[in-house]
Amino acid sequence: MLALSNMKVLDISQIMAGPYCTMVLADLGAEVTKVEKINGGDDSRQMGPYVNEESTCFAQINRNKKSISLNLKTDEGKELFYQLAREADVIVENYRPGVTKSLQIDYETLKAINPGIIYCSISGYGQTGPYSHKGGFDLVAQGMTGLMSMTGEPGRRPLKTGIAVYDIGAGITAVYSILAAYIHKMNTGEGQLVDVAIAECGLPWFSWEAAAYFSNGTIPQPTGWRHRVSAPYQALQARDGYMMLGCANQRTWERLCQEVIMRPDLLEDPRFTTNYQRGQNVEALETVLEEIFATDDMNAWLEKCDQAGVPAGPINNFAQAVQDPHYQARGMVQEVEHPVIGKMKMMGFPSKLSLTPPSIRQPAPVYAQHTDEVLQGLGLPAERLKALREQGVIK
């Protein structure tokens, strides 16, 4: 039995944030039924790359789910959705503001049908506030929250992160919020609205930046490959490439000098005595260290750092990362047989639960794969399904 085996989820979200949330819930055992649009389904199905004309983007974050297609603009489609909602514990949606109300699938409508429903709405700016009417995307959130103002190198063009951190961040925020609401429901029977905004889910991550700004008005600036506070805590060039070195405290700095680079004299250098002073003189420190690291290859330095207990590591590209033996041993790359794509690899589970480990029980569904199965579970006979299909209510 998996951790969330008794949870039933209706997923009417698409693209990334909502589907990532429901994938995590499904990995943990929830029964997730993905309700897709009648005209092509989740928009990510139209996003490449493709294998055998099936989107691998969609397949990566929709495993362990069932797919049905309902035309929610029809009365019959809405009624079928309401029947499913009566049996659900959780609904996850990321429609543009106002759309759920116009479709009559908003929280207040569904709460009247199922008072215990946990309704998670993931939107650009949330359900309240002056921007609540606006649509939002990960890239806009990266700019609005200040992230791009501190990413990249000083004086250069602002840079976004390499991945959609706020889309995934919103999905993660939705997961733990839903679980908190689910525990409350288990204790009281009460459902509730969970309001997650892409544009604010990442703000709490700026804890150290907030500490500096709220205490003395310091506005964080881009520091490129260096850290804002600790040094050396950055990328450094060895003879054959770059590596990451993390001396975030005095003890690791001392170990670096005494056991790795064999320069105990640097401990007495007034520019580098404390972490604060090293941060203030980071350019000089970097010059000194790179002159030393240039004398040997990266792997040799990494081995010495490991032996001395100094945190350090390579700067991998994605191929090197997923081929790393540590990630392989920890199951961070999984393989599944998809009915159209065939054998495909996907990312594993970052949480390891000793009694109820998450699992991949089925690949992402093809479009509307489970429509008949799910609706027959509501008691609809084959003749009724045929009529609904002819009327354009289902596919």
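Predicted model: local features only at pLDDT ≥ 70, side-chain atom pairs only at ≥ 80, totals over all residues.
1. **The three-stranded sheet.** Three strands make up an open sheet, and their order is β9-β10-β11 with antiparallel pairing. The edge positions go to β9 (233-238) and β11 (312-314); each has a single partner strand, so one side of each has no neighbour in the sheet. On average, neighbouring strands here are turned by 30 degrees against each other, ignoring direction.

2. **How β10 and β11 meet.** If you want to trace this pairing on screen, start with β10, which covers residues 241-246 and pairs with β11 in the antiparallel sense over 3 bridges. A handy landmark is Met-244, whose bridge partner in β11 is Gly-313.

3. **The helix across the sheet.** Look next at α13, residues 298-308. This helix α13 lies across β9, β10 and β11, and its direction makes an angle of about 15 degrees with β10.

4. Thr-74 counts as buried because its relative accessibility is 17%, and the cut-off for buried is under 20%. A polar atom of the Thr-74 side chain sits 2.8 Å from the backbone oxygen of Asn-71. The Thr-74 side chain also reaches the backbone nitrogen of Gly-77, at 3.0 Å.

5. **Two cis peptide bonds.** Gly-48 and Pro-49 are joined by a cis bond with omega of about 5 degrees; Pro-49 belongs to the loop between β2 (31-36) and β3 (50-51). Ala-231 and Pro-232 are also joined by a cis bond, here with omega of about -5 degrees.

6. **Asn-64, positive phi.** Most residues other than glycine have a negative phi. Asn-64 is not a glycine, yet its phi is positive, at about 65 degrees. You'll find Asn-64 in the loop between α2 (56-60) and β5. Is Asn-64 buried or exposed? With a relative accessible area of 5%, Asn-64 is buried.

7. **Gln-104, positive phi again.** Gln-104 is not a glycine either, and its phi is positive at about 60 degrees. Gln-104 is in the loop between α4 (99-103) and α5 (107-113). Gln-104 counts as partly exposed, with 41% relative accessibility.

Terms used:
Residues numbered from 1 in each chain as written. Heavy atoms only, no water. Buried < 20%, exposed > 50% of the residue type's maximum accessible area, 1.4 Å probe, protein only. Polar contact = N/O pair within 3.5 Å; in protein donor to acceptor, adjacent residues only side chain to side chain. Pairing = 2+ DSSP bridges. Helix = DSSP H or I, 4+ residues; strand = E, 2+ residues; numbered from the N terminus. Axes fitted to C-alpha atoms, helices over the stretch in contact; angles between N-to-C directions. Contact = heavy atoms within 4.5 Å.
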